[in-house]
Structure formats: structure tokens, C-alpha cells
Amino acid sequence: KDGDIVVLEGNTGLVRSLYRPYELHHHLFVTERCNSNCIMCSQPPKDKDDVEALTERNLALIDLISPHPPYGAPGEFRDMYHASQITDLRPMDLEKRPSYFSAIRKTYGLDSVPEATFRGIRALYYGDVSYTDWVLGQLLEAVDRTSHTNDTAIFLLSDHGDYTGDYGLVEKWPGGLEDCLTHVPLIVRA
């Protein structure tokens, strides 16, 4: 579609989309050499990708919105998990929870949302996580394919988690320090 940034993969003739302006999920490859594929770049895309031209000082950045609201992974990841498989939501009525939990639920109408809906949200979130895992796998494969396994450090990190139905809440809320918000990945391959 108009505005897509795509690459043609080798001799296979397959077209892989790197950026679609109407999609919520993107993965881009950026190096110190400009390939004009940055979202905010005003330059037109070049007709070749820099991935094969990696040298010694390069930065690969994959900035994903997922897993994050609005919930919903792309393609086959969206339906990878089903609400009926989700069994680990923390209940709304636990003692010693901050009073703002119930205030948030009441203010945003979350107190009337059925548990099955929260389970569906968690299933979508797990699809988002699986999508992120897949993108990381694509990056690792590209690093290995271009013979940069031994000279490339890879960092995977997140800034926060999500309630995804725990305590009858979604997203994150200021002041929340529950483990579903704070136990986030920091994975390094160096």
C-alpha cells in the first residue's frame, strides 16, 4: 500500500514489509549508514537495504510498541492464545491492595467488565509477547546470517509491564509497583 517500506528478500521474490503507516506494529533495521527507513525521516527510501553492509560500528534498533495497548498482535499471533487458556489472573478482591485500584475500576467502568474479557485481553497480550519473541528471533537470525554473532551485542529490555486483567485492571497506572508491572525483561547477548 501507499507509504509502505518493504524489502525484496534475495532470490525468493518475497516482499517483507518493514513499515506500514496504518499498522501498530513495526520492526525497522537502523545502522549508522542512513538507509532512509527511519519513521521520522524526511528522505525517500533508497532502493537497497544496508543489512548486508554492516561493518564494525553499527546500531540495530527494533522499537516495538507491543506488547502494549491497544492490545492486538499482528497476523497469526493475534489468535495464538485463547481466553479459555488463561488461568492465572489475580482476583479483584484481594486484601491489602491500594484503594486506588477500586477507584480506577469504578472510574473507567472496569468493575463491570466480565473476567472472560480480561482473559481475552491477557490472551492478546501473550500474542503480542510471542510476536516480540519472533521479531527477536528474526534479528538473531540476521546477525548470525551476516556473520556478526561474535561482534554484536544484543539488548532486549522493556520499560514496564501491564496488569492485563490482574486485579481487574488493564494497562499500567502511576504508583503501581506490583510484580506484573515491575518484573520486565532485561536480556543481554554479548
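**Secondary structure, cores and surface of the predicted model**

The protein chain contains 3 helices and 4 strands, where helices (H or I, at least four residues) and strands (E, at least two) are DSSP runs numbered from the N terminus. The model is predicted, with local features needing pLDDT of at least 70 and side-chain atom pairs counted only at pLDDT 80 or more, whereas totals for chains, interfaces and linings use all residues. Residues are numbered from 1 along each chain as its sequence is written, and side-chain values use heavy atoms, with hydrogens and water left out.

From the N terminus on, the order of elements is β-β-α-α-β-α-β. Of the 190 residues in the protein chain, 35% are buried; buried means under 20% relative accessible area, exposed over 50%, and partly exposed in between (1.4 Å probe, protein chains only). Contacts are defined by heavy atoms within 4.5 Å. Among contacts between residues at least 6 apart in sequence, 64% join residues at least 24 apart.

A nonpolar core is a set of buried Ala, Val, Leu, Ile, Met, Phe, Trp, Tyr and Cys residues joined through side-chain atoms within 4.5 Å. The largest such core has 17 residues, of which Leu 110, Phe 118, Tyr 163, Leu 169 and Val 170 touch the most other members. Helix H1 (99–107), H2 and helix H3 (179–182) each supply at least two residues of this core, and H2 gives the most, with 4 residues. Beyond its neighbours within four places in sequence, Leu 110 is in contact with Met 92, Ile 104, Arg 105, Phe 118, Gly 168, Leu 169 and Val 170. A second, separate core of 5 residues includes Leu 64, Ala 73, Phe 77 and Val 135.

Val 143 lies in helix H2 (residues 115–145) and counts as buried because its relative accessibility is 8%. Not counting residues up to four places away in sequence, Val 143 touches His 148, Thr 149, Thr 152, Ile 154 and Arg 189. The C-alpha atoms of Val 143 and Ala 153, 10 residues apart in sequence, are 9.9 Å apart in space.

On the surface, Phe 155, Leu 157, Leu 186 and Val 188 form a nonpolar patch with about 450 Å² of accessible area together. Strand E3 (154–157) and strand E4 (186–189) each supply at least two residues of the patch. Patches of this kind consist of residues with over 30% relative accessible area and no salt bridge, their nonpolar side chains (Val, Leu, Ile, Met, Phe, Trp, Tyr) being joined within 5 Å; a salt bridge is a side-chain nitrogen of Lys or Arg within 4 Å of a carboxyl oxygen of Asp or Glu. Accessible areas come from the Shrake-Rupley method with a 1.4 Å probe. Val 188, in strand E4, counts as partly exposed because its relative accessibility is 45%.

Terms used:
Patches are made of residues with over 30% relative accessible area and no salt bridge: like charges are joined within 9 Å, nonpolar side chains (Val, Leu, Ile, Met, Phe, Trp, Tyr) within 5 Å.
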